[in-house]
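Subject: Structure handover, salt bridges and nonpolar cores

Hello,

The structure you are taking over is below. My notes on its charged pairs and its nonpolar cores follow.

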Amino acid sequence: MKFDDELEYDEEEYEDDYSERGNKSGTPIIYMTLGVSVFILILLGVIISVNSRNKKGSNSYAAYVASLESEESSEEEVPVSNSKRTADDLDIWDMYKNKSGNDTLSDSGDNEDKPGEKNKDDNSKPLPSPLISPEPTMSPGAEDEKYNDGKHFKIEYSDGSSEWVSIDASREKNNYDLTKLVSNDGKLKYYNDGKVASFLGIDVSRYQKDIDFNQVKSSGIEFVMIRVGARGYQTGQIALDEYFTQNITRARDAGLDIGVYFYSQAINEAEALEEANLVIEACKDYKLTYPVAFDMEFIDNDISRVESLSKDDRTLIAGTFLNRIVEAGYKPMIYGDKEWLVKRIDIKKLPIASVWLADDSDMPDYPYQFSMWQYSTDGNVYGVSTPVDMDICFIDYSAQ
């Protein structure tokens with residue numbers, strides 16, 4: 001190295017100087033020796049210092065390289081995505097479409113079970129817990145305000161829950177102006193162009209026991225719907241109502257218009273035909289001016305036979321009964337409340353039947369066409385000793 005070459009050259013120069021001065025005197029030689037020693041010590045210190053710095057620099061560089069390699073390795077584990085999808089595109093949102101709690105919106109009335117009610121045959125696993133909190137549940141008032149828009153109507157269930165259902169634009173809507181209803185001591189009349197355009201009636205069964213139909217007629221009642229019989233909701237046994245013959249005979253003699261109904265718990269077509277044939281046989285000696293109604297219901301605080309049926313099954317059974325009634329020459333009708341007519345059967349598949357709506361509210365909001373309305377279950381009518389169901393009919397069946 002050049003540094004070593006320079007050092008060797010200087011030492012030779014100093015040795016020459018020393019020899020020449022040594023011939024003259026010993027003192028200069030000592031000073032020269034000391035000076036050379038000091039110079040060598042300084043050079044050694046410089047060399048040691050430089051080596052130490054090089055070593056430290058080498059260690060720092062190695063650490064720096066190692067850190068870079070670590071960063072490169074870390075970056076390789078997380079690939080960079082060029083996707084432009086947002087959170088709204090993720091499938092997880094499909095699990096949280098309904099955020100409204102008990103009050104829910106159904107786009108149609110075709111769902112068999114009400115919201116939150118588990119189907120008995122549903123073995124599916126529950127959805128995983130949401131990764132984010134859903135929107136706060138709407139208050140009932142806010143839900144009503146949102147969907148009370150003329151395009152939905154509300155179904156309230158016996159457990160206190162409710163559901164807003166979209167109105168089916170393909171179905172015939174009723175054109176009643178219910179502000180034209182007039183109540184007189186619990187007896188309703190419907191006026192159209194200043195004239196009475198309705199008929200007042202009651203429906204009865206063995207629960208009203210002995211009825212004085214002459215007094216019933218004199219109190220303003222114009223027609224009566226009489227129960228022919230019923231099928232047990234647990235046993236399935238079919239029986240004629242024990243007061244049927246007495247009721248229909250006395251009502252006829254009093255000059256009332258008469259219709260009948262059967263309380264069904266049929267679970268197949270054969271049982272539906274059995275029920276229809278019982279009605280036909282029981283009524284063959286009497287003139288019916290009002291319809292024969294099919295009445296199928298669930299039981300409060302108990303389980304009925306028809307609860308295990310699907311919506312399609314109930315519709316088929318009702319259709320079987322009503323078709324047999326039509327074959328026998330009678331007018332067919334189906335009885336039910338909003339829940340039954342929308343959620344429990346498919347009324348669109350029963351176009352031959354008129355509707356007997358059960359709704360004890362002041363103004364029924366059932367949007368579709370109905371011919372008869374059972375507006376009270378605790379009416380007070382002269383000639384009947386117990387509370388009785390009150391009905392108003394918007395069609396003059398006796399003229400048909």
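A salt bridge here is a side-chain nitrogen of Lys or Arg within 4 Å of a carboxyl oxygen of Asp or Glu. By that criterion the structure holds 15 salt bridges. The model is predicted, so local features need pLDDT of at least 70 and side-chain atom pairs count only at pLDDT 80 or more, while totals for chains, interfaces and linings use all residues. Residues are numbered from 1 along each chain as its sequence is written, and side-chain values use heavy atoms, with hydrogens and water left out.

Salt bridges

Glu-275 pairs with Arg-231, their closest N and O atoms lying 2.7 Å apart. This pair links distant parts of the chain: Glu-275 belongs to helix H6 (residues 269–283) and Arg-231 to strand E8 (residues 223–231), 44 residues apart. Helices (H or I, at least four residues) and strands (E, at least two) are DSSP runs, numbered from the N terminus. Both partners are buried: Glu-275 has a relative accessible area of 0%, and Arg-231 has 3%. Buried means under 20% relative accessible area, exposed over 50%, and partly exposed in between (1.4 Å probe, protein chains only).

Asp-365 forms a salt bridge with Lys-338, with 2.6 Å between the closest N and O atoms. Here too the pair links distant parts of the chain, 27 residues apart: Asp-365 sits in the loop between strand E13 (354–358) and strand E14 (372–379), and Lys-338 in helix H8 (residues 338–344). Asp-365 is partly exposed at 35% relative accessibility, whereas Lys-338 is buried at 15%.

A further salt bridge joins Asp-346 and Lys-349, at 4.0 Å from N to O. Asp-346 is buried at 14% relative accessibility, but Lys-349 is exposed at 52%. Elsewhere, salt bridges that share partners join Arg-231, Glu-271, Glu-274, Glu-275 and Arg-305 into one network.

Nonpolar cores

A nonpolar core is a set of buried Ala, Val, Leu, Ile, Met, Phe, Trp, Tyr and Cys residues joined through side-chain atoms within 4.5 Å. The largest one has 68 residues, and those with the most contacts inside it are Ile-202, Val-224, Val-260, Val-279, Phe-321 and Ile-334. Helix H6 gives the most to this core, with six residues. Another core, of twelve residues, lies apart from it and includes Phe-223, Met-225, Ala-358 and Met-372.

Leaving out residues up to four places away in sequence, Val-260 touches, among others, Phe-244, Val-279, Cys-283, Leu-288 and Pro-291. Contact means heavy atoms within 4.5 Å.

Regards
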